[in-house]
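Keep the viewer open and follow along.

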Amino acid sequence: MIKIDGLSKSYQVAMRSSGVRQAVKALFKREYKVVDALDDISFTIEPGEIVGYIGPNGAGKSTTIKVMSGILVPDSGSCTIMGYTPWKDRVEYVKHIGVVFGQRSQLWWDVPVIDSFDLLRDIYKVPEQEYRSTLSLLTETLELQDIIQMPVRQLSLGQRMRCEIAASLLHSPSVLFLDEPTIGLDAVSKIAVRKFIRTINEEKGVTIILTTHDMNDIEALAKRIILIGKGKKLYDGSVSAIRDQFGTRKTITAVYSHQAEPFQVPGTVMEAWSPERAVLSVDTEQVVISEVLIRLSAQVELLDVAIDTLPIEDMIVQLYKEHQI
Amino acid sequence: MRLYGKYILILFKSQMQYRTSFWLLSIGQFLVPFSIFAGLYFLFERFGQIKGWAFHEVALCFAIIHMAFAISECFARGFDSFSSLVGNGDFDRVLVRPRSTVLQVLGSKFEFTRVGRLLQSVIVLCWAISRLSLEWTLLKAVTLVFMVASGVFIFTGIFMLAATMCFWTIQGLEIANIFTDGGREMAQYPLGIYQKWVMRFFTFIIPFGCVNYLPLLYLLDKTSGNDLPYMLAPAAGILFILPCLLVWRIGVRHYRSTGS
Amino acid sequence: MKAYMSVFKLRLSNGLQYRTAALAGMATQFFWGFVIIMVFEAFYSGATVQPPISLTQLITYVWLQQAFLAFVMLWFRDNELFQLITTGNIAYELCRPSGIYGLWYAKLLGQRLASALLRSLPIVTVAFILPQPYRMPLPSDPFAFLLFIAALILGLLLIVSLSMLMYISVFVTLSPAGSLLMFGVIGEFLAGMVIPVPLMPSWLQSIVYVLPFRWTADFPFRVYSGHIPKEEALAGIAIQIIWFLVLVGLGRLAMAKALRRVVVNGG
């Protein structure tokens, strides 16, 4: 459904150095630096997938999203989404996509949410019947009943986000682009939003492309990750593959009866220690867990043990390091 | 178009939330042209006439231009404040919606308080017409409406050009004010009072002359020869918006190939 | 005093940064100046009675008005102060050790000065070298010129104190742009910005002479062109000083009252 091939885009960025003399020079001649925002990006996404599109800031994520949503025209390469070329068939194409920008609002600020929804219905020419049923579904699943009559400026961030997502789905798009949808939300709202995204993906088969810095979003939603760095595609695979690759590191949290002196367990690294509790990290490729536990109980009187995998944040950091970004 | 009407409605509801501010600003907007008109009145009181034009004739000219300006200020506010739209990155959102960019920008802002200025010019218009001893025919009335519409198109076109500049640079937008505010100040007097080159520029390049001066001659029975070209002159004003739309398209294309 | 100076300096350097905007603004002002002069020209060409102010003096008036617009326009919007008042961030200002009146005064002064510095010199320079009859003449004599400078500076101080009153009123009523706009429009009209004071009908002139507004624009500009003779100018400067003291005094009183109310109400 989404087919991207050899996408490339460069920007000319004006160079500006500090100091008065430079500033005066800049009045007469501008120096430019060419930045490759996208360098030969290719991938394919099947309908119904949830894909996490990640990378450090400035890697080219928003550029790709802009190309895919028809806002930006690339220098070279092709992009076909549902048979359309986004930037060429803009008006026709855009009817089938929904976009949520986490930091910017698409709702009208001073009027009740429902007024914004009604206007969006008219912009997208959604038939009345369809609008009513979609609206009631969204209101119910996102629990908007109490807030739908309130003006947007009076809503909390979590409430506003739920309305934004609902707004982007009013016209039943087949593809949804989410740009930092959970940024700034409290824990409860984050979970609610994630649950909702999963639901519409499973029940309505909406293809979702998720850009986020919150790796817990990725873990909760995406089965596949595309990593982009410095304009190049660096990794395209499943989250579980990453886990397999980096998941051999484990952390052991041990609670034990009072031990005044710090201790060492061979084959592990002591991350944190207190007389009652210690956190050790182990590379299970080097040492087997059972062996570590034996060695540990030789040192302390164990009361409780917890074994966790490396959080996905750290795994992604490792991934970045591996690709030198 | 119905959708545009819906845009306006939502903006109206939006602005009605701030009621006192609305009324105060509207009154202020009434006073601005009013003070200019007062100045005009006093000048005529002292001088009696300007290059052969009497007070009420100039008042008619004044009313028409200010009316056109007020209406276009109301409608084209989205273009007028386009720099903030682009600066915020909100233009991306415009591109993601399945409607024409022009329609959406027009629908993004509607400044209701400019009604104050509109009211003032309507009052002046009625007053001027009542004081002028003219024969009013249907054709003249139509020409009048035509003139106002034409002015609206010119001003909106200039606003659009200024907004298009925002695709390239945010600064230096004040230049457009020369032609909107400046154009209005100038055209509120019949162009005949100015030097020849001024008249020529503002008839052929930015066709205020076609909006105001030429048809005005017809309205006041000051024409010589065939009346028709004078009546049809406002069409040039309306046509002015076509190259502006073209430039807008070019601007949008530029935005889409260089990013924001 | 030092705090006021640094606020003033900051505002000044801030305003000087906007070069492109200044250039564009200057172009606009030239255009306006030309249009106004052309209109007056047209009026004068058909004048049957000799008007109380000559065309050359009027042209001087117009160009000075454009060059020193930042000094004379009452409706000069300071968004920062505005935001401060309407959002209630005024609390921060109250925590500063210096008097608020002085701080705001310094801010407004710095802003206007910065704006004028950028534009006045180029406009005046060009106005000197324009072809006749648009050219602005040199001052009638050096002493008149000195008086002009003094009157101009006092006019600036006056107009800032007038704006202070406007901002304080916004502070009190918490209503934004609307009232400012009205006050600004009326004040500017009465200062001779829309129609020069000598061209007003006499009944209006008597009203205008009583009010403080004309001392900001009308007075200094006519001193330059010699339309106001030197003796009268000296007396005028004295009146400017009196008005200044009165307005600042009123301003401080009003400010103190307003602050008291704010503190009592809890902002």
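A residue is called buried here if 20 or more other C-beta atoms lie within 10 Å of its own, exposed if 12 or fewer, and partly exposed in between, with the C-beta atoms placed from the backbone. Gly192(B) is partly exposed, because 17 other C-beta atoms sit within 10 Å.

A few ground rules come next. This is a predicted model, so to speak: local features need pLDDT of at least 70, side-chain atom pairs count only at pLDDT 80 or more, and totals for chains, interfaces and linings use all residues. Residues are numbered from 1 along each chain as its sequence is written, while chains are lettered from A and ligands numbered from 1 in the order in which they are written.

**Around Gly192(B)**

Gly192(B) is found in the loop between H10 and helix H11 (196–204) of chain B; helices (H or I, at least four residues) and strands (E, at least two) are DSSP runs, numbered from the N terminus. Leaving aside neighbours within four places in sequence, Gly192(B) touches Lys51(B) and Tyr213(B), where contact means that the C-beta atoms, placed from the backbone, lie within 7 Å. Gly192(B) and Gly52(B) are 140 residues apart in sequence, yet their C-alpha atoms are 9.4 Å apart in space.

Staying in chain B, helix H9 (residues 138–165) packs with H10(B) at an angle of about 175°, and the axes are 9 Å apart. Axes are lines fitted to C-alpha atoms, for helices over the stretch in contact, and angles run from 0 to 180 degrees between N-to-C directions. That makes H9(B) roughly antiparallel to H10(B), given that angles under 35 degrees count as roughly parallel, over 145 as roughly antiparallel, 65 to 115 as roughly perpendicular and the rest as oblique. On the H9(B) side you'll find Phe155(B), Ile158(B), Phe159(B), Leu161(B) and Ala162(B), which meet Ala176(B), Phe179(B) and Thr180(B) in H10(B). By class, that contact has 7 nonpolar, 1 polar and no charged residues. Ala, Val, Leu, Ile, Met, Phe, Trp, Tyr, Cys and Pro count as nonpolar, Asp, Glu, Lys and Arg as charged, and the others, Gly among them, as polar.

**Chain B and its partners**

Chain B meets chain C with 34 residues against 32 from chain C. Helix H2 (19–47) and helix H10 (174–187) of chain B are the elements that give two or more residues to the chain B side, and H2(B) has the largest share, 17 residues. Towards chain A, chain B brings 19 residues and chain A brings 24. Helix H1 (2–16), helix H6 (90–95) and helix H15 (241–258) of chain B each supply at least two residues there, with H1(B) giving the most, 5 residues.

**Chain A**

Chain A has 11 helices and 13 strands, and buried residues make up 35% of its 325 residues. Its C-alpha atoms fill a box of roughly 70 × 60 × 45 Å, taken along the principal axes. The average pLDDT (the predictor's confidence in each residue, from 0 to 100) is 84 for chain A, and 94% of the residues score at least 70. Confidence in chain A is lowest in helix H1 (residues 20–28), at a mean of 57, and highest in strand S7 (residues 207–211), at 92. Where pLDDT is low, the predicted coordinates should not be read in detail.

One open sheet of chain A has 4 strands in the order S11-S12-S10-S13, with antiparallel pairing; strands pair if DSSP finds at least two bridges between them. Strand S11 (268–274) and strand S13 (302–309) of chain A stand at the edges with a single partner strand each, so one side of each has no neighbour in the sheet. Within the sheet, S10 (residues 249–256) and S12 (residues 277–283) of chain A pair over 7 bridges, and Val255(A) stands opposite Arg277(A) in S12(A). Helix H10 (residues 289–299) of chain A lies across S10, S11, S12 and S13 of chain A, at about 150° to S13(A).

Finally, Asp40(A), in strand S2 (residues 31–45) of chain A, has a positive phi near 55° without being a glycine.

Conventions. Contact = placed C-beta atoms within 7 Å.
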